[in-house]
Amino acid sequence: MTQAAKIGQASEPGEYDEGMLALLQLIWGDGFLSPGGADELARLFEGCDIRGCEVLDVGCGLGAIDELLITRYGATSVVGIDVDPALLEGLRARVERAGLAGRIRGVKVEPGRLPFADASFDVVFSKDSLVQIPGKPALFADILRVLRPGGRFIASDWLRGGTGTYSAEMMEYFRLEGIAYNMVTLEESAAALRNAGFVEVDIRDRHTWYLELAKRELAAMEGSLKPTINDRIGWARTEHFIANWRQLVLVLARGELRPGHLKAAKAPP
């Protein structure tokens with residue numbers, strides 16, 4: 001086990017506070033806790049049709065994506081799971097405002113096996129949350145278990161470039177984040193999906209896209225957004241947050257942090 005994995009497993013759920021949630025949404029959009037917002041979701045769903053599907057969202061956050069899965073992509077229902085009750089409360093409030101409480105529900109889960117019966121969902125979806133879960137082979141096997149035959153896995157995740165020891169720059173990024181991630185490469189993810197029994201495995205590197213976006217995000221934080229950020233979270237946390245983003249851009253530029261898309265299917269009966 002790497003030092004980074006130990007740090008990642010030591011992190012506790014529920015560490016978002018209101019100021020940080022507001023700030024991340026200032027950067028990424030209302031209800032979004034990962035980059036790209038609705039535009040990146042559209043890229044992830046290119047070639048995918050989930051109309052009429054029952055969807056499980058692993059790491060649902062505040063629910064903006066779950067709302068879009070219903071209203072834009074035509075899912076019949078979404079079950080969003082998360083370990084953080086504050087995020088699930090945000091999801092509940094959002095879906096009630098949208099009049100979708102009958103079609104979207106949030107479920108608090110504990111780390112470990114998914115609390116659903118075999119063959120419960122047509123689609124298992126995740127947006128940049130699987131990185132927080134160690135043991136990708138067991139995770140992918142469990143996702144396969146809860147999918148119905150012919151069902152699909154559609155996800156984006158934070159991945160890494162290279163398989164050796166993390167660099168000093170990456171470890172500094174983990175330190176500034178306060179956690180470390182359970183990262184594997186895009187190719188290792190694809191191999192783990194195939195080994196779990198998935199078919200039609202498709203991977204897509206999104207590194208170039210997010211490197212350029214992160215540079216623009218940093219420029220905005222250091223410029224026009226800085227007074228707003230300072231008002232939201234105070235001077236000391238603002239400086240830490242911006243230093244964290246500078247380090248993010250650095251490890252992206254080095255190719256050590258590489259966002260990607262993962263798609264696969266469960267074989268039909």
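Glu-89 is partly exposed, with a relative accessible area of 42%. Here, buried means under 20% relative accessible area, exposed means over 50%, and partly exposed lies in between (1.4 Å probe, protein chains only). The model is predicted: local features need pLDDT of at least 70, side-chain atom pairs count only at pLDDT 80 or more, and totals for chains, interfaces and linings use all residues. Residues are numbered from 1 along each chain as its sequence is written, and side-chain values use heavy atoms, with hydrogens and water left out.

Glu-89 pairs with Arg-92 in a salt bridge (2.4 Å, N to O). A salt bridge is a side-chain nitrogen of Lys or Arg within 4 Å of a carboxyl oxygen of Asp or Glu. Arg-92 is also partly exposed, at 36%. Both residues sit in helix α5 (residues 85-97), three residues apart, so about one helical turn separates them. Helices (H or I, at least four residues) and strands (E, at least two) are DSSP runs, numbered from the N terminus.

A second salt bridge links Asp-205 and Arg-258 (3.0 Å, N to O). Asp-205 belongs to strand β6 (residues 199-205) and Arg-258 to strand β7 (residues 257-265), so the pair ties together parts 53 residues apart in sequence. Asp-205 is partly exposed, with a relative accessible area of 37%. Arg-258 is partly exposed as well, at 26%.

Some salt bridges share partners: Arg-113, Asp-118, Asp-142 and Arg-145 are joined in this way into one network. Within it, Asp-142 is buried, at 9%, whereas Arg-113 is exposed, at 59%. In total, the structure holds 22 salt bridges.
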